[in-house]
Amino acid sequence: MKKNIIVLLLTITVFSCDKNDDPQPSTVEDEVLSLINDHRRSLGLANLELNTVIMEEARAHSCQMAEGSVPFGHQGFGDRVKRINEKIDGGASAENVANGYPTPQSVVAGWLNSSGHKKNIEGNYNLTGIGICEKENGTLYYTQIFIKK
(Lines give C-alpha, C1' and ligand atoms only; values in the text may rest on other atoms or scores of the structure.)
Protein backbone atom coordinates (compact mmCIF):
# COMPACT_ATOMS: atom_id res chain seq x y z
CA MET A 1 0.00 0.00 0.00
CA LYS A 2 2.75 2.51 0.94
CA LYS A 3 4.57 1.78 -2.32
CA ASN A 4 1.45 2.68 -4.36
CA ILE A 5 1.05 5.95 -2.49
CA ILE A 6 4.68 6.88 -3.13
CA VAL A 7 4.34 6.10 -6.84
CA LEU A 8 1.17 8.20 -7.03
CA LEU A 9 2.89 11.14 -5.30
CA LEU A 10 5.87 10.91 -7.66
CA THR A 11 3.55 10.84 -10.68
CA ILE A 12 1.73 13.95 -9.48
CA THR A 13 5.02 15.73 -8.89
CA VAL A 14 6.51 14.81 -12.25
CA PHE A 15 3.52 15.82 -14.36
CA SER A 16 1.94 18.59 -12.32
CA CYS A 17 0.88 21.59 -14.38
CA ASP A 18 0.65 24.01 -11.47
CA LYS A 19 2.19 27.34 -12.48
CA ASN A 20 3.77 27.61 -9.01
CA ASP A 21 5.84 24.45 -9.48
CA ASP A 22 9.58 24.69 -9.06
CA PRO A 23 11.02 24.71 -12.59
CA GLN A 24 13.39 21.81 -11.91
CA PRO A 25 13.33 19.19 -14.66
CA SER A 26 11.51 15.94 -14.04
CA THR A 27 13.19 12.62 -14.60
CA VAL A 28 11.24 12.23 -17.86
CA GLU A 29 12.32 15.67 -19.11
CA ASP A 30 15.92 14.89 -18.14
CA GLU A 31 15.75 11.64 -20.11
CA VAL A 32 14.44 13.42 -23.23
CA LEU A 33 17.31 15.92 -22.97
CA SER A 34 19.82 13.12 -22.47
CA LEU A 35 18.60 11.28 -25.57
CA ILE A 36 18.61 14.48 -27.64
CA ASN A 37 22.15 15.30 -26.51
CA ASP A 38 23.29 11.72 -27.20
CA HIS A 39 22.05 12.13 -30.76
CA ARG A 40 23.70 15.54 -31.15
CA ARG A 41 27.03 14.22 -29.82
CA SER A 42 26.87 11.30 -32.28
CA LEU A 43 26.94 13.94 -35.04
CA GLY A 44 29.73 15.96 -33.45
CA LEU A 45 27.33 18.68 -32.27
CA ALA A 46 27.50 20.38 -28.88
CA ASN A 47 25.07 19.48 -26.12
CA LEU A 48 22.03 21.64 -25.58
CA GLU A 49 22.02 23.32 -22.17
CA LEU A 50 18.80 23.18 -20.18
CA ASN A 51 17.48 26.64 -19.32
CA THR A 52 14.77 27.11 -16.67
CA VAL A 53 13.19 30.13 -18.42
CA ILE A 54 12.75 28.10 -21.60
CA MET A 55 11.62 25.07 -19.61
CA GLU A 56 8.86 27.09 -17.92
CA GLU A 57 7.49 28.16 -21.32
CA ALA A 58 7.72 24.62 -22.73
CA ARG A 59 5.98 23.15 -19.70
CA ALA A 60 3.24 25.76 -19.76
CA HIS A 61 2.55 25.04 -23.45
CA SER A 62 2.42 21.27 -22.85
CA CYS A 63 -0.01 21.77 -19.97
CA GLN A 64 -2.20 24.11 -22.02
CA MET A 65 -2.39 21.48 -24.77
CA ALA A 66 -3.11 18.71 -22.23
CA GLU A 67 -5.84 20.80 -20.58
CA GLY A 68 -7.35 21.70 -23.97
CA SER A 69 -6.98 25.46 -23.54
CA VAL A 70 -4.95 25.59 -26.78
CA PRO A 71 -5.05 23.11 -29.66
CA PHE A 72 -2.24 20.64 -30.14
CA GLY A 73 0.45 22.40 -32.17
CA HIS A 74 2.53 25.52 -32.21
CA GLN A 75 -0.13 28.14 -31.50
CA GLY A 76 1.46 30.98 -29.51
CA PHE A 77 5.05 30.03 -30.37
CA GLY A 78 5.93 33.65 -31.25
CA ASP A 79 4.62 34.80 -27.89
CA ARG A 80 6.59 32.10 -26.06
CA VAL A 81 9.79 33.13 -27.80
CA LYS A 82 9.11 36.79 -27.10
CA ARG A 83 8.71 36.09 -23.36
CA ILE A 84 11.88 33.98 -23.37
CA ASN A 85 13.88 36.63 -25.23
CA GLU A 86 12.75 39.32 -22.79
CA LYS A 87 14.42 37.33 -20.01
CA ILE A 88 17.49 35.78 -21.65
CA ASP A 89 18.10 37.86 -24.80
CA GLY A 90 17.96 34.86 -27.13
CA GLY A 91 18.17 34.69 -30.90
CA ALA A 92 17.11 32.02 -33.39
CA SER A 93 14.43 29.66 -32.13
CA ALA A 94 12.47 26.52 -32.99
CA GLU A 95 9.97 24.23 -31.31
CA ASN A 96 9.03 20.55 -31.37
CA VAL A 97 5.73 19.28 -29.97
CA ALA A 98 4.35 15.77 -29.69
CA ASN A 99 1.65 13.83 -27.92
CA GLY A 100 0.74 10.24 -27.30
CA TYR A 101 4.27 8.87 -26.98
CA PRO A 102 4.49 6.85 -23.76
CA THR A 103 8.25 7.10 -23.15
CA PRO A 104 11.14 9.53 -23.66
CA GLN A 105 12.70 7.03 -26.09
CA SER A 106 9.57 6.87 -28.23
CA VAL A 107 9.07 10.64 -28.48
CA VAL A 108 12.72 11.25 -29.40
CA ALA A 109 12.56 8.45 -31.99
CA GLY A 110 9.40 10.00 -33.41
CA TRP A 111 11.03 13.41 -33.69
CA LEU A 112 14.14 11.94 -35.29
CA ASN A 113 11.96 10.17 -37.88
CA SER A 114 10.40 13.50 -38.89
CA SER A 115 12.59 15.72 -41.07
CA GLY A 116 11.35 19.00 -39.59
CA HIS A 117 11.68 17.90 -36.00
CA LYS A 118 15.07 16.31 -36.69
CA LYS A 119 16.27 19.56 -38.27
CA ASN A 120 15.39 21.40 -35.05
CA ILE A 121 17.17 18.80 -32.90
CA GLU A 122 20.29 19.04 -35.06
CA GLY A 123 20.08 22.82 -35.50
CA ASN A 124 22.50 25.54 -34.45
CA TYR A 125 21.03 26.03 -30.97
CA ASN A 126 22.70 25.94 -27.58
CA LEU A 127 19.82 26.32 -25.11
CA THR A 128 16.67 24.29 -24.66
CA GLY A 129 13.70 23.75 -22.43
CA ILE A 130 11.57 20.63 -22.32
CA GLY A 131 8.13 20.47 -20.77
CA ILE A 132 5.93 17.41 -20.39
CA CYS A 133 2.39 17.36 -19.07
CA GLU A 134 -0.10 14.52 -18.66
CA LYS A 135 -3.73 14.78 -19.73
CA GLU A 136 -6.40 13.25 -17.47
CA ASN A 137 -6.61 10.20 -19.76
CA GLY A 138 -2.87 9.55 -19.39
CA THR A 139 -1.76 11.01 -22.75
CA LEU A 140 1.57 12.79 -22.49
CA TYR A 141 2.13 16.15 -24.22
CA TYR A 142 5.69 17.21 -25.00
CA THR A 143 7.16 20.57 -25.95
CA GLN A 144 10.84 21.24 -26.64
CA ILE A 145 11.94 24.80 -27.41
CA PHE A 146 15.35 25.50 -28.92
CA ILE A 147 17.14 28.87 -28.62
CA LYS A 148 20.46 30.15 -29.95
CA LYS A 149 21.97 32.66 -27.57
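Here is a chat that goes from the whole chain down to single residues.

Student: Before anything else, what kind of model is this?

Tutor: It's a predicted model, so treat it as a prediction as we go.

Student: Okay. How many helices and strands does the protein chain have?

Tutor: The protein chain has 6 helices and 4 strands. If you walk along from the N terminus, the order of the elements is α-α-β-α-α-β-α-α-β-β.

Student: And what share of the residues is buried?

Tutor: Of the 149 residues in the protein chain, 41% are buried. Take the contacts between residues at least 6 apart in sequence: 70% of them join residues at least 24 apart.

Student: Let's look at helices. At what angle do helix 2 and helix 5 pack?

Tutor: Helix 2 covers residues 27-42 and helix 5 covers residues 104-112; the angle is about 40°, and their axes are 9 Å apart. That angle is why helix 2 is called oblique to helix 5. The crossing of helix 2 past helix 5 is right-handed.

Student: Which residues make the contact?

Tutor: On the helix 2 side you'll find V28, E31, V32, L35, I36 and H39, and on the helix 5 side P104, Q105, V107, V108, W111 and L112. Sort the contact of helix 2 with helix 5 by class and you get 9 nonpolar, 2 polar and 1 charged residues.

Student: V107 is in that list. Is V107 buried or exposed?

Tutor: V107 sits in helix 5. Its relative accessibility is 0%, so V107 counts as buried.

Student: What does V107 touch, leaving aside its neighbours within four places in sequence?

Tutor: V107 is in contact with V32, A98, Y101 and Y142, once those neighbours are set aside.

Student: Now a second pair. How do helix 3 and helix 4 pack?

Tutor: Helix 3 and helix 4 meet at an angle of about 160°, with their axes 9 Å apart. Angles over 145 degrees count as roughly antiparallel, so helix 3 and helix 4 are roughly antiparallel to each other. Helix 3 passes helix 4 in a right-handed crossing.

Student: What is the make-up of that contact?

Tutor: Helix 3 brings V53, I54, E56, E57 and H61, while helix 4 brings R80, R83, I84, K87 and I88. By class, the contact of helix 3 with helix 4 has 4 nonpolar, 1 polar and 5 charged residues.

Student: Let's stay on helix 3. Where does R59 sit, buried or exposed?

Tutor: R59 is in helix 3, residues 52-67. Buried means under 20% relative accessible area, so R59, at 12% relative accessibility, counts as buried. The side chain of R59 also makes a polar contact of 2.5 Å with the side chain of E29.

Student: And M55?

Tutor: M55 is in helix 3 too, and M55 counts as buried because its relative accessibility is 1%. From M55 to I130 is 75 residues in sequence and 5.2 Å in space, C-alpha to C-alpha.

Student: What about the strands? Which residues does Q144 touch?

Tutor: Q144 lies in strand 4, residues 140-147, and is buried, with a relative accessible area of 0%. Not counting residues up to four places away in sequence, Q144 touches I36, L48, A94, E95, N96, W111, T128, G129 and I130. With T128, a polar contact of 3.0 Å joins the two side chains.

Student: Is D89 buried or exposed?

Tutor: D89 is exposed, with a relative accessible area of 61%.

Technical notes:
Residues are numbered from 1 along each chain as its sequence is written. This is a predicted model: local features need pLDDT of at least 70, side-chain atom pairs count only at pLDDT 80 or more; totals for chains, interfaces and linings use all residues. Side-chain values use heavy atoms; hydrogens and water are left out. Axes are lines fitted to C-alpha atoms, for helices over the stretch in contact, and angles run from 0 to 180 degrees between N-to-C directions. Helices (H or I, at least four residues) and strands (E, at least two) are DSSP runs, numbered from the N terminus. Angles under 35 degrees count as roughly parallel, over 145 as roughly antiparallel, 65 to 115 as roughly perpendicular and the rest as oblique. A crossing is left-handed if the near helix is turned anticlockwise from the far one by less than a right angle, and right-handed if clockwise. Contact means heavy atoms within 4.5 Å. Ala, Val, Leu, Ile, Met, Phe, Trp, Tyr, Cys and Pro count as nonpolar, Asp, Glu, Lys and Arg as charged, and the others, Gly among them, as polar. Buried means under 20% relative accessible area, exposed over 50%, partly exposed in between (1.4 Å probe, protein chains only). A polar contact is a pair of N or O atoms within 3.5 Å; within protein, one must be able to donate a hydrogen and the other to accept it, and residues adjacent in sequence count only if both atoms are side-chain atoms.
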